[in-house]
Amino acid sequence: ATVNIKGSYNAGGITAETAGGLIGKAQGTSLTISESYNTGLVNGTTAGKIVGNSTAASNSISNSYDASETGGNFAGGTITTLNNCYYLNPTTEDEVGGLKALSDIDMQNSDSFSNFFGTDAKWFMGTGVYKYPQLIKIPHIFVSSQLNIPVFTVVPTRESALLKLSWDSKATKYIISVNGTEFEITSYNAD
């Protein structure tokens, strides 16, 4: 059996005996991970930025990255193929096989990511708070206990208000709809 993970990300911290940004432990099951990333800190006795431990004979990770600054391996266990994979490392830039370390500045540059941005691109470069590549279909939502972003205030009235936050993947922007009237979020202040 093969587990396929495509177009996903993790932004939450993970702590477990065997921990990984996307997969903690896979025994005997082949993994194929593509177009995915992790930004959450990963802690465990056996830990990997993307995969904690996999014992299958065939595992591949492609067009994926880690920006967590978690120490340790990109992936633990048996990973047979790494292709166009990257990880944030502020102290060194090296490349082994299909895995490359990038500085913070390079992580913010689309030219650093081979095959992420082509005619059939699944990614766009982030702006504002999160400046690394993001998936077009599920953009990165930055969450921090130190960040307070008030977007709008609703004053209770006799009429109920229908509020909707949506993502326009073609235009790569957020839209807020209040009772059917749409407002584009063009910027915000994180101070």
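User: Where is asparagine 63 placed?

Analyst: You'll find asparagine 63 in strand β10, which covers residues 59-66. Keep in mind that this is a predicted model.

User: Why is asparagine 63 called buried?

Analyst: Its relative accessibility is 16%, and buried means under 20%. So asparagine 63 counts as buried. It also has a positive phi, about 45 degrees, although it's not a glycine.

User: What makes glutamate 35 buried?

Analyst: Here the relative accessible area is 14%, and the cut-off is under 20%, so glutamate 35 is buried. This residue lies in the loop between β6 (30-34) and β7 (37-38). Glutamate 35 isn't a glycine either, yet its phi is positive at about 50 degrees.

User: How many aromatic pairs are there?

Analyst: The structure holds 12. One of them is tyrosine 37 with tryptophan 123, at 5.9 Å centre to centre and 45 degrees between the planes. That pair links distant parts of the chain, with tyrosine 37 in strand β7 and tryptophan 123 in strand β15, 86 residues apart.

User: Why is the pair of phenylalanine 116 and tryptophan 123 called stacked?

Analyst: The ring centres are 4.5 Å apart and the planes sit at 15 degrees. Pairing needs centres within 6.5 Å, and stacked needs planes under 30 degrees apart, so phenylalanine 116 and tryptophan 123 form a stacked pair. Both residues are buried.

Key. Residues are numbered from 1 along each chain as its sequence is written. This is a predicted model: local features need pLDDT of at least 70, side-chain atom pairs count only at pLDDT 80 or more; totals for chains, interfaces and linings use all residues. Side-chain values use heavy atoms; hydrogens and water are left out. Helices (H or I, at least four residues) and strands (E, at least two) are DSSP runs, numbered from the N terminus. Buried means under 20% relative accessible area, exposed over 50%, partly exposed in between (1.4 Å probe, protein chains only). Rings of Phe, Tyr and Trp (its six-membered ring) pair if their centres lie within 6.5 Å; planes under 30 degrees apart count as stacked, over 60 as edge-to-face and the rest as tilted.
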